[in-house]
Amino acid sequence: MEYDIIFVLGELFFDHPLSGAAILKRLLEKHGYNVGVIEKPTKEEEVKKLGKPKLFFAVSSGAIDSMVRNYTPLKKKRDEDKYSDYEELVPDKAVVVYCNWIKKNFKESLIVIGGTEASLRRFVHYDYWENRLRKSILFDSRADLLVYGNGEKQILEIAERTTEKLPLDSIEGTCIVSRIIPENFKELPSEEEVTDSKEKFCEMQLDLNNHTNLAQKSGQRYILQYKSPLYTSKDLDEYYELPFSRNIPLKSLRGFEFSIVTHRGCIGNCNFCAINLIQGNKIISRSEESILKEIKNLAKLPYFKGNVDDLGGPSANMYGMDCNRCDICHNDCLKCEKLDKSHSRLLQLLKKSRTIPGIRKIYLRSGIRYDFAPKIYIKEIAEHHLYDTLRIAPEHTDENVLQLMNKDKGNFKEFLQFFNSLKCGKKLSYYFITAHPGSSMKEAKELAEAVKGLDNLSLQVFTPTPMTTSTCMYYTGMDPKSKEKIYVPYTYSEKKEQKRVVLNDVMFTK
Ligand code: SF4
Ligand code: SF4
């Protein structure tokens with residue numbers, strides 16, 4: 001069979017709305033294209049197995065950057081880590097490796113790259129694993145086009161244009177290599193400038209976003225980013241209502257077959273997170289009707305036992321926080337008084353979903369932003385929607401570190417008191433980060449003291465993943481806004497010690 005498009009993926013493919021690749025495949029099929037999938041190729045021969053696509057290869061490392069997948073935050077190979085059940089076989093820098101294999105075997109084929117690894121390496125970026133700056137992945141991979149962020153609109157447009165043999169420039173939500181900068185592009189500091197000056201690197205960081213046409217010079221060429229297209233609730237309804245089989249063969253995702261995605265994007269703007277450069281920092285929610293319809297369809301499945309595994313998104317309690325100015329306003333929604341943070345749309349959705357015939361429980365497994373969750377919502381989920389725990393991520397307790405993370409210092413203690421007062425029989429689970437820029441041993445010890453006695457605690461050493469603001473702090477040693485110097489723990493011994501001091505204290509008190 002000759003395929004129109006062949007996906008080459010650094011992850012196993014599963015036909016479920018939790019998989020970005022599955023959504024793209026189903027959408028392309030709806031529009032008449034046939035799509036082949038090559039999962040986790042481990043050698044060059046494997047990219048040949050479906051032949052040459054009529055239109056293009058679409059290459060992605062999947063939902064996670066291959067370096068994050070393959071290495072611990074202390075750069076230890078995960079397959080050598082006796083504490084991890086890691087069994088992935090994805091090459092380091094998977095997107096570049098796959099593209100090289102395709103180039104060698106199908107010289108004339110068009111290659112489109114996308115997914116997290118491509119999105120977050122689209123301009124010059126700091127690569128923690130090599131401890132150096134790298135050029136845009138478009139140069140390293142020699143791909144023709146890069147799709148960043150949500151990819152549905154882009155991939156359909158690329159499929160249409162390649163069918164019609166039209167040029168591939170000016171597609172919103174993509175990046176290309178160009179000899180010139182078109183009008184209305186904001187020029188970022190060049191590759192040479194950011195390599196020579198950490199202040200320039202900070203300037204570049206502050207200008208990165210999805211909503212602007214951006215250009216960055218590299219030698220005699222430019223990387224052009226065409227601003228992201230606008231995705232709407234209607235678009236999401238269409239994508240999540242595609243005819244997925246929902247079959248999840250992956251061990252790691254078992255228990256999530258009956259999960260439902262309610263929205264995309266996050267207004268959190270945490271500095272260590274790159275979701276703003278992928279899904280964006282505005283909320284796009286599916287309509288209530290579409291979500292309820294999906295739940296009703298689950299209830300009809302013969303193997304469904306009545307429990308919805310999750311009703312969530314990047315931060316579950318941001319459902320419904322859409323704003324009709326999101327295409328023209330780029331301010332911080334979390335701080336905006338115009339935004340309806342009452343959770344009323346979410347509460348209504350939860351109430352209605354519980355009454356659907358055939359539904360026993362609607363669980364909430366995604367984490368929430370507890371710092372702006374009203375009590376009425378916490379009570380509701382504690383009473384009806386928790387399996388055993390509610391996941392929250394205070395990240396740290398020191399004010400200065402929290403500020404550098406762009407996290408509100410929250411009302412952690414008050415929240416704990418309130419949750420415990422509910423006596424709902426459920427627990428909280430907590431996620432913290434240590435060794436983030438700004439955290440010395442002093443802050444780590446303070447964190448250890450603050451979390452003494454807490455059960456269900458996960459603690460990660462900060463990983464400087466490409467293109468986040470915190471990674472900029474790690475690389476430059478300064479706050480990108482103020483340019484003031486900040487303390488950064490660089491040595492493995494200190495990072496380990498910052499983790500040990502917290503975990504030992506926690507274990508000791510158990
Ligand atoms: S709240 Fe979560 S998803 Fe949102 S920016 Fe922060 S870490 Fe990312
Ligand atoms: S008006 Fe407020 S809520 Fe709306 S997009 Fe702007 S900052 Fe966000």
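Q: At what distance does a polar contact join the side chains of Lys-227 and Glu-172?
A: This is a predicted model, in which local features need pLDDT of at least 70 and side-chain atom pairs count only at pLDDT 80 or more, while totals for chains, interfaces and linings use all residues. Side-chain values use heavy atoms, with hydrogens and water left out, residues are numbered from 1 along each chain as its sequence is written, and chains are lettered from A and ligands numbered from 1 in the order in which they are written. A polar contact is a pair of N or O atoms within 3.5 Å; within protein, one must be able to donate a hydrogen and the other to accept it, and residues adjacent in sequence count only if both atoms are side-chain atoms. For the side chains of Lys-227 and Glu-172, the polar contact has a length of 3.2 Å.

Q: Between which strand and which helix does the loop with Lys-227 lie?
A: Helices (H or I, at least four residues) and strands (E, at least two) are taken as DSSP runs, numbered from the N terminus. On that basis, the loop that holds Lys-227 runs between strand E11 (221–225) and helix H9 (233–240).

Q: Is Lys-227 buried, partly exposed or exposed?
A: Buried means under 20% relative accessible area, exposed means over 50%, and partly exposed lies in between, with a 1.4 Å probe and protein chains only. Because the relative accessible area of Lys-227 is 32%, this residue counts as partly exposed.

Q: Which side chain does Gln-225 join through a polar contact of 2.9 Å?
A: Gln-225 lies in strand E11 and counts as buried because its relative accessibility is 0%. A polar atom of its side chain lies 2.8 Å from the backbone oxygen of Asn-209. The polar contact of 2.9 Å, between two side chains, joins Gln-225 to Arg-122.

Q: Which elements do the buried residues of H9 pack against?
A: Within H9, the buried residues are Asp-235, Leu-236, Asp-237, Tyr-239 and Tyr-240. They pack against helix H1 (20–30), helix H6 (152–163), strand E12 (259–261), strand E13 (263–264), strand E14 (284–285) and helix H10 (288–300).

Q: What separation do the C-alpha atoms of Ile-137 and Val-96 have?
A: Ile-137 lies in helix H5 and, because its relative accessibility is 3%, counts as buried. Leaving aside neighbours within four places in sequence, its contacts include Val-95, Val-96, Ile-113 and Leu-146. Although Ile-137 and Val-96 are 41 residues apart along the chain, their C-alpha atoms are separated by 7.5 Å.

Q: How does the shell around ligand 1 divide by class?
A: A residue is near a molecule or strand if one of its heavy atoms lies within 4 Å of it, and those around ligand 1 are Cys-266, Asn-269, Cys-270, Phe-272, Cys-273, Ile-275 and Arg-369. Ala, Val, Leu, Ile, Met, Phe, Trp, Tyr, Cys and Pro count as nonpolar, Asp, Glu, Lys and Arg as charged, and the others, Gly among them, as polar. The shell therefore divides into five nonpolar, one polar and one charged residues.

Q: Which side chain makes a polar contact of 2.8 Å with that of Asp-371?
A: Asp-371 sits in the loop between strand E17 (361–362) and helix H12 (375–384), and counts as buried because its relative accessibility is 17%. The side chain with which Asp-371 makes this contact is that of Arg-369.

Q: How many disulfides does the structure hold?
A: A disulfide is a pair of cysteine sulfur atoms within 2.5 Å. Cysteines around ligand 2 include Cys-323, Cys-329, Cys-333 and Cys-336. The number of disulfides in the structure is zero.

Key: Contact means heavy atoms within 4.5 Å.
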